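Please consult the sequence and the model shown here.

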Amino acid sequence: MPVEVTWWGHATCTVEDSGVRLLTDPLFARRLAHLRRRRGAVPPARAAVADVVLVSHLHADHLHLPSLARLAPGTRLVVPRGARRAVPGLARLARARSFAVTEVAPGEEFAVRDGVRVRAVSARHDGRRLPFGPHLAPALGYVVQGEARTYFAGDTGLFDAMAGEVGPVDVALLPVGGWGPYLGQGHLDPGRAARALAALDPAAAVPVHYGTYWPIGMDAVRPHEFHAPGEEFVRLAGQLAPKVTVRVPAHGERVRLP
């Protein structure tokens, strides 16, 4: 059975494999600090239904405590090692909601159920709890291994060892943009994401982490950085990885891959 992916916006995806629902970096807010959701409705209640939630790093648009509070009590939550110490609110929320929290570091693997396993891989990204948090937890990506092998990259820059560390995958969920007019270090733009795609060589890919949130009052500042990354990734992927099927779902759309 192919894997099914629903993109809810930003880095939030539901990955369904072998009857297991995995949710990545849940962000269900209409507004987050200076950011406003400009495209796609706030995800419905069903988006918060998951067997396992994978959190890639500690930035508030990826580890968003109010969104985690929408999860059912007892949900299994996977976070970078050190996250509970770095974000005391996470520890308090986990106790209040009886979350089963698993902290992982790159290279560690764990079983979910029904033949599905998850392996943490490294990411090249500043994963601190901003604006002033110390480096207490690594930024991660995850490889979900069920009937398909699905790589969720989280936030990352391009690095030479990416393909070797991630290993063979069938589906790649790659960030191609951000939430502002300029990308800092530790991010993939469409060009770098296409280069990553060529190195990973999956059967299929989905661009994520773009076209959802934008700073309030900056609508006219480099708006192409909000609107264009998905289709630009398709164009460049066609040049650098022409054998890979790239799907660009709308917000809330479910696609079957590979």
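The model is predicted: local features need pLDDT of at least 70, side-chain atom pairs count only at pLDDT 80 or more, and totals for chains, interfaces and linings use all residues. Residues are numbered from 1 along each chain as its sequence is written, and side-chain values use heavy atoms, with hydrogens and water left out.

Strands (E, at least two residues) are DSSP runs numbered from the N terminus, and two of them pair if DSSP finds at least two bridges between them. Seven strands make up an open sheet of mixed pairing, ordered S8-S7-S6-S3-S2-S1-S17. Because S8 (100-104) and S17 (253-257) each have a single partner strand, one side of each edge strand lacks a neighbour in the sheet.

| Pair | Bridges | Sense |
|---|---|---|
| S1 (residues 3-9) and S17 | five bridges | antiparallel |
| S1 and S2 | five bridges | antiparallel |
| S2 and S3 (residues 20-24) | five bridges | antiparallel |

Tryptophan 7 has glutamate 253 in S17 as its bridge partner, while glycine 9 is partnered by threonine 12 in S2. Cysteine 13 lies opposite threonine 24 in S3.

Two residues separate S1 from S2 in a hairpin, where histidine 10 in the turn has a positive phi of about 55°. The hairpin of S2 and S3 also has two residues between the strands, and serine 18 takes a positive phi near 55°.

Strand S2 (residues 12-17) is largely enclosed by the rest of the structure, because six of its six residues are buried, meaning under 20% relative accessible area with a 1.4 Å probe and protein chains only. Thr12, Thr14 and Glu16 are buried on one side, and Cys13, Val15 and Asp17 on the other.

Notes. Helix = DSSP H or I, 4+ residues; strand = E, 2+ residues; numbered from the N terminus. Buried < 20%, exposed > 50% of the residue type's maximum accessible area, 1.4 Å probe, protein only.
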